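Subject: Structure handover

Hello,

Here is the structure for you to look through. Please open it first, then read my notes below.

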Amino acid sequence: MARNPRTRGARRTLWVLLALVAVLFAGIGAAHRWGTAELTPKLGLDLEGGTQMVLEPVLADPTAPISAGQLDKARDIIAQRVDSNGVAEAEVTTQGGRNIVISIPGTPDARTLNQIRKPSQLRFRPVLLTGPGIPVTDPGATSTSTDGATATSAPTATTPKPVFTMDPPATSAPATTNNAIVPPALAAQTTPPTDPATTGATGATGESTATAPSTASPAPTDASDFAWITQEIQTEFAQLDCSKAGAVNDFVDEPTRALVTCSTDRSEKYILGPVELDGTDIEDATSGYQLSANGQPTTIVEVRLDFTDVGATKFTNVTSRLFALKASDETRNRFAIVLDKQVISAPSTNAVIANGQASITGQFTIESARELAQQLKFGALPMSFTLQTQDDISPTLGKEQLALGLLAGFFGLLLVVAYSMVQYRMLGLVTVASLVVAAVGAYGVLTLLGWSHNVRLTMAGVTGVIVSIGVTADSFIVYFERIRDEVREGRPLVTAVDAGWSRAKRTILAADAVNLLAAVVLYLLAASNVRGFAFTLGVMTLIDLAVVVLFTHPLVSILAHTRFFGGGHRLSGLDPERLGAKVRYVGRGRFSAPAVQADGRA
Amino acid sequence: MVNVSQIGNDLYTGKRSIDFIGRQKRWYAFSAVLIALAMIGIFARGLNFGIEFRGGSEFRLTGVTDTSGYEERARAAIAQSGIGGNVLSTVIGGTSVRVQSEAAGERNEAAKTALAQTFGVDPTTISASLIGPSWGQSVSEKAIQALIVFLLLVSLVMAIYFRTWKMAVAGLVALVHDLVVTVGIYALFGFEITPSSMIGFLTILGYSLYDTVVVFDKVRENTAEAVGSRRYSYAQAANLAVNQTLVRSINTTVVALLPILAILIVGFTKLGPGTLLDLSLALFVGIAVGAYSSIFIATPLLVDLRRGEPALLELEKHATKLQAREAELSRSTPRHTGAQDGPGKQTRARGTATTILADAPAADGQEPDAHELGAPQDDEPQRDALGRPVHKWAATGPRNQPKRPPRSRR
């Protein structure tokens, strides 16, 4: 094409589009080369195969609404369970302010699924016995593993060596300060790590442990009594390997019995006594910097725990018993906070807490303290999960669906192309080219979003893409019809294109805004997996806008300068005669008025 | 072959005009019948809610080689796995079997194994969906919530975009009309309503609005012109707008429907019920109804709503007077016999300038709009020295301007 100065702007716009597309695909290429991006859009479970569950958290009082914070907590709980079951690549998301969606590729077994959706409970149990989470096979490694335990637990925020103290801390300030700086001695550190074998455990934890299983007193006097440890529990404890996925799944969380379990970071394993308090005894939990005696904030991060009246009484009894054990038994001095059978924290007891206001200090960062406080706070509301839907999609069905969906899309595209060729002759080719550009753009955007935002293309999403072919073609039609209108008015094509564009622009913008609005509302409020539909529809609307502005209009204005279109060839679709523009002002005071008119108006 | 673009041209210039506005009672009546039928469908027949709303289990077996007696076999397999209640099974695309039962719950795996044995497929290829009983309720709640939010937002956007509440109201009525008729069609034909079709219904609202926006945009443009020139009444200008956008409306609707049609065909023959089919069925019905309502309901309603406005009444009076006078003028001067067509007038082209509409009593608008410059003349066109036809304005030289009656006679 000749370098027509009048089309310079249009050509420049086309170059901009080309640059944008190049950047898009360069981004994908770079993300693929140096990142984890794939070169195709990520597929949803219904196309890839897998299991998707939708759970709705339900509080103990089923009529109470779930707050956003509670829903997030519930999601965290579920994510925690999914992780502890060793499910790879699972995704846990909230949906619509109400539901939790768990997507698991492949086909997990029924037991894993049950583990994931069991009710959530926060309980307090006294610690009876601890051991390192990963069994030590080398008997000679006693001292090193001790150091290891200290070293690993000190920096990780999830297992600080926390202590329970009175809040306000004035009464036990010295103890707290001490403990904060030097973590309180724990059983795991003072006692040599237990060998997984029963003999090792018995030998290692001192004479009281050794006697407890053997005497097997049938009636434990209190919750910290070793009599809770039966032979069976001892075996379970010895064989427990916290590093294994789903290690604690088999254990029954019976409130009146002892429990063998791991900490959430799997670094420590425990035998815990029966439940003494549960989540409902907690009034509130907050986190922040501890205040010194004169009210100044100190650098010590604490989690403040307020108990209800009932809880305070129970807690007083517990702490007075545990505090008495402080001197004799560091292990049994600890009080474990158990969420979903896993110990989230097991602070030592440094005081008898009678006012119902406890403070947990230790090696917290401000984030880990906040996390613990939230776990405690939302743990106060025991949640169960009702299964809303569960879809197991076999990979073969998914593939078949995808293939058929693409087939449908292809036919749809063909139909649209055929129709626009009939209606707009060669101008229809512009439609085809624009649709191709839109398709390329959509592919790139979906691929990139799949990598950056984990957007997955579901069946509903495919439907959205196919449906949006129509929407995209709509805006071309609006534009072409406008140009035709202007040609009918007698304008030469070049000006008709500009005039038509300035009018069509408004309509296209309004229409796209409406579509986008609909897509956003649907996306935010859709309760099921058809969200993907709203998402792709919205993305395609934006792409449509970009294509019309950056491709279709510049292309048409360049074509308007060609002989074929500008001269109004019969097949150009913009032939003024066919469009009924019977008079054209051709300059110099002359009009072109074609002779053939009679057949034009049947 | 009927020349589509020729019809488009005629509709554009007003040579061929379909009286959308004047026959509004007819369209209203038609829509009232549609809505009545829809209501009968909804309340008498009831809606056929899918398994997602009732709760239950659905199993989908692919690659089944022998589907004979599938109903009995599916029932036996489900019963064998210990699930009671009704079992509904269908064959899709020849090799797939869909089995619906009561919620399987814990027996999901057992049912899968039993079905796999019965139909001789690999258990891992069976897809199972379990839907809890409260799921449907939450979906419906969400959908209704989305509907309300969407309607509010849309009213706001329309009010801002069109800057008159009457346009917003007309658009909204069309919207609700589409929704009711679509749901009614679902009820009458017994199509299954699933969460996907609900999303489809909501999407329809967007499409319906889109159509209305396109038409109203033109209406606004034309009526602004009419108010400026004071030649046409509001109704006439609006009717011309609908006619001018008719080809575009048809084209956009057809183009929107074509891909959906492709999905429907593939869906019905191969895929069977699912997200794809449910969504596209709802969209297909809804878009078709939406195109109808934006032309036949929204615009006439808008005109009716604005009919009583004093400014427009005055405009109509003025336009009527003007048009009547011009008709008289054109009758007296033979050069103009019915040659030009104003907007929204006769349905036939020439000569019969007396076809008068209820709300557009004037017959003719002798106005020198660009698109009417080339309007045919009945008398012999002048020819230049080479025998080529010369346009009337060029006939006596370029400076000859179109004749307008003096101001006193206008």
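Start with the surface of chain B. K317(B), K321(B), R325(B) and R409(B) gather there in a patch of positive charge. Keep in mind that this is a predicted model. R409(B) sits in the segment after α12 (392-395) of chain B. Its relative accessibility is 48%, so R409(B) counts as partly exposed.

There is also a nonpolar patch on the surface. V33(B), L37(B), I40(B), L188(B) and F189(B) form it, and together they have about 470 Å² of accessible area. Two elements of chain B, α2 (24-45) and α7 (165-189), each give two or more residues to this patch. Which of them gives the most? It is α2(B), with 3 residues. L37(B) lies in that helix, α2 of chain B. L37(B) has a relative accessible area of 39%, so it is partly exposed.

Next, the salt bridges. A search of the whole structure finds 23 of them over all chains. Here are some from chain B.

- R60(B) pairs with E58(B); the closest N and O atoms are 3.7 Å apart. Both R60(B) and E58(B) are buried.
- D217(B) pairs with R220(B), with the closest N and O atoms 3.8 Å apart. Both residues lie in helix α8 (residues 195-229) of chain B, 3 residues apart, which is about one turn of the helix. D217(B) counts as buried because its relative accessibility is 4%. R220(B) is buried too, with a relative accessible area of 18%.
- E314(B) pairs with R230(B), and the closest N and O atoms are 3.1 Å apart. E314(B) is in helix α11 (residues 310-332) of chain B, while R230(B) is in the loop between α8 and α9 (234-271) of chain B, so the pair ties together parts that are 84 residues apart in sequence. E314(B) is partly exposed at 43% relative accessibility. R230(B) is partly exposed as well, at 31%.

Salt bridges can also share partners. That joins R482(A), E486(A), R491(A), R503(A), K218(B) and E221(B) into one network.

Last, chain A as a whole. How many helices and strands does chain A have? It has 18 helices and 17 strands. Of its 602 residues, 53% are buried. Take the contacts in chain A with a separation of 6 or more: residues 24 or more positions apart account for 75% of them. Chain A exposes about 24,800 Å², and carbon and sulfur atoms supply 61% of that area.

Best wishes

Terms used:
Residues numbered from 1 in each chain as written. Chains lettered and ligands numbered in written order. Predicted model: local features only at pLDDT ≥ 70, side-chain atom pairs only at ≥ 80, totals over all residues. Heavy atoms only, no water. Patch = residues over 30% accessible without salt bridge, like charges linked within 9 Å, V, L, I, M, F, W, Y side chains within 5 Å. Areas by Shrake-Rupley, 256 points an atom, 1.4 Å probe, with all protein chains shown as cover. Salt bridge = Lys/Arg side-chain N within 4 Å of Asp/Glu carboxyl O. Lys, Arg positive; Asp, Glu negative; His and termini not counted. Charge placed at Lys NZ, Arg CZ, Asp CG, Glu CD. Helix = DSSP H or I, 4+ residues; strand = E, 2+ residues; numbered from the N terminus. Buried < 20%, exposed > 50% of the residue type's maximum accessible area, 1.4 Å probe, protein only. Contact = heavy atoms within 4.5 Å.
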